[in-house]
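Subject: Handover of a structure and the findings on it

Dear colleague,

Please find the structure below, with its sequence.

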There are 2 protein chains.
Amino acid sequence: MEIQGLPGQLLAELGPAIASGEIPAGAVLRTEELEQRFRVSRTVVREAVRVLESMRMVAPRRRVGITVRPKAEWDVFDPLVIRWRLAGADRAAQLRSLGSLRVAVEPAAAALAAVHASDDDRRELSALAVELTVTARAADLETFLEHDIAFHAIVLRASGNEMFAHLKDTVGAVLTGRTEHRLMPHQPRPYAVQLHREVAEAICAGDAELAERAMRTIVAGALEELNATLD
Amino acid sequence: MEIQGLPGQLLAELGPAIASGEIPAGAVLRTEELEQRFRVSRTVVREAVRVLESMRMVAPRRRVGITVRPKAEWDVFDPLVIRWRLAGADRAAQLRSLGSLRVAVEPAAAALAAVHASDDDRRELSALAVELTVTARAADLETFLEHDIAFHAIVLRASGNEMFAHLKDTVGAVLTGRTEHRLMPHQPRPYAVQLHREVAEAICAGDAELAERAMRTIVAGALEELNATLD
DNA sequence: GCAACAAAATCGTCATACTTTTACTTCCCG
DNA sequence: CGGGAAGTAAAAGTATGACGATTTTGTTGC
């Protein structure tokens, strides 16, 4: 949980309810109502609402109440919003958005990583590429997922761009969701694994162009598969 | 201001102070101290701190105080964090990060826009391309900036990806900052303007590949110029 | 029918008391 | 002399009552 204590718990109830549309845009909540519904004090309600306000999900107005804002205004990059949407009815749309984002960002990150990666980064990437090959062949999906997440996280971090690096958890959530919801082939595709090896090799060799191309093939393929599955 | 009232004002003081490093990572604040320093009540301090906590900029701990977290843990995609960093000592680093992000995202957005843009979008883009040409020739930097921001915003929106669309304000802030801080040539470069026209034409014609290439040239050029100026 | 004014509802702020957690300190026993 | 256990205090966490500010709504009077 990002936020501690009772406000955090309240947030964990309200956020998903709003994100899933259970509490629709335009709905009006009142502080007193929330106090009673969740058996907490004004203090707690107000702090939770303030956080939702900072995510632009609600707008408190005097004499009116706390109105839920339309989805288009939410902070769609907020990690909590992403998590809530992935967990709820919006999962498909959120996965599509994130898929496109990956297609845009990860190839660029790979290209930068080929230039900026530290020796440790390069070693780790090589090791993970091997691990991916092994666990894929063994059809050990759980370990494969773990290493896959680590692989993409390292590329993002090694890019040297702090904003790319912070997409680590989001990408991790996408990959996890894909495995959990059986949007993955039963055994990872040998071609995809091969591409991961290529990315690792290109980054080790400092070949930005190749790293970018291989990574683009990976994420574009993932997006295509995702779209195919969701339709 | 994202957040209303006194908590918003307190946030507008604390946020920039932390973002600029004036209050460094590891520093410990106490609620009572903040109450007195800013002449507000406990309620107000707590709500502002809660929002900072949701941005992962601080972590309140009992018996210790409110500790400022290291920059690497902040929510770098939060619009407020971006704004505060752009306003403070971190401006250069933030501009570089955003520059790379633009290079990754905007070409992808242009490609998607070539496929998904509505007729209105296409018309607006054409009109703006003309406007850009006119205002550039007239060296009317202020109007040029306005139209430039609108141009990129429409491309991002027309991509049909909600996450891309939400980068509108961020891109706007980058462009504004560039003009304000004289990181721009006195008169916009004819070649850059030409590229905007190409993007508009490609999107109108539904040519994703060309739109992407032209847009990449624009943002890559902007990034290069930025890096040259900052060094 | 319109305008000015009054009233009510709801959030916003403050002050205060109490609770809970946790770091620190002291003291006793081995 | 060292180490652990118990106690203490400091800070955030929660609850509550009172009042202020603002905005919507309704009502009254011209």
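The surface near DNA strand D has, by class, 7 nonpolar, 6 polar and 8 charged residues. Here a residue is near a molecule or strand if its C-beta atom, placed from the backbone, lies within 6 Å of it. Ala, Val, Leu, Ile, Met, Phe, Trp, Tyr, Cys and Pro count as nonpolar, Asp, Glu, Lys and Arg as charged, and the others, Gly among them, as polar.

This is a predicted model, in which local features need pLDDT of at least 70 and side-chain atom pairs count only at pLDDT 80 or more, while totals for chains, interfaces and linings use all residues. Residues are numbered from 1 along each chain as its sequence is written, and chains are lettered from A and ligands numbered from 1 in the order in which they are written.

The DNA strands

Of the 21 residues around DNA strand D, those that come nearest are Gly5(A), Leu6(A), Ser41(A), Arg63(A) and Thr31(B). Two or more residues each are given to this surface by α1 (5-19) and α3 (42-54) of chain A, together with α2 (31-38) and β3 of chain B. Helices (H or I, at least four residues) and strands (E, at least two) are DSSP runs, numbered from the N terminus.

DNA strand C is surrounded by 20 residues, of which Thr31(A), Gly5(B), Leu6(B), Ser41(B) and Arg63(B) are the closest. The elements that give two or more residues to the surface near DNA strand C are α2 (31-38) and β3 (65-68) of chain A, with α1 (5-19) and α3 of chain B. That surface comprises 7 nonpolar, 6 polar and 7 charged residues.

The contact between the chains

Chain A and chain B each bring 26 residues to their contact, where two residues are in contact if their C-beta atoms, placed from the backbone, lie within 7 Å. On the side of chain B that touches chain A, two or more residues come from each of α3 (42-54), α5 (91-116) and α8 (162-165) of chain B. The most is given by α5(B), with 8 residues. By class, this side of chain B divides into 13 nonpolar, 5 polar and 8 charged residues.

The sheet of chain B

Chain B holds an open sheet of 3 strands in the order β1-β3-β2, with antiparallel pairing; two strands pair if DSSP finds at least two bridges between them. In general, strands of a sheet pair through backbone hydrogen bonds, either parallel or antiparallel. The edge strands, each pairing on one side only, are β1 (28-29) and β2 (58-61) of chain B.

Between β1(B) and β3(B) there are 2 bridges in the antiparallel sense, and Leu29(B) stands opposite Ile66(B) in β3(B). β2(B) and β3 (residues 65-68) of chain B pair over 4 bridges, also antiparallel, with Arg61(B) opposite Gly65(B) in β3(B). The hairpin of β2(B) and β3(B) has 3 residues between the strands, and in it Arg63(B) takes a positive phi near 70°. Across β2 and β3 of chain B lies α3(B), running at about 120° to β2(B). Axes are lines fitted to C-alpha atoms, for helices over the stretch in contact, and angles run from 0 to 180 degrees between N-to-C directions.

Chain A as a whole

Chain A has 11 helices and 3 strands, which follow the pattern α-β-α-α-β-β-α-α-α-α-α-α-α-α along the sequence. Taken along the principal axes, its C-alpha atoms fill a box of roughly 65 × 35 × 30 Å. Of the 231 residues in chain A, 45% are buried. A residue is buried if 20 or more other C-beta atoms lie within 10 Å of its own, exposed if 12 or fewer, and partly exposed in between, with C-beta atoms placed from the backbone.

In helix α11 (residues 208-230) of chain A, the buried residues include Ala211(A), Met215(A), Ile218(A) and Leu226(A). Their cover includes α5 (91-116) and α10 (190-205) of chain A.

A residue in chain B

Thr133(B) lies in helix α6 (residues 119-137) of chain B. Thr133(B) counts as partly exposed because it has 18 C-beta neighbours inside 10 Å. Leaving out residues up to four places away in sequence, Thr133(B) touches Val193(B) and Arg197(B).

Yours sincerely

Key:
Expected span 1.5 Å × (residues − 1).
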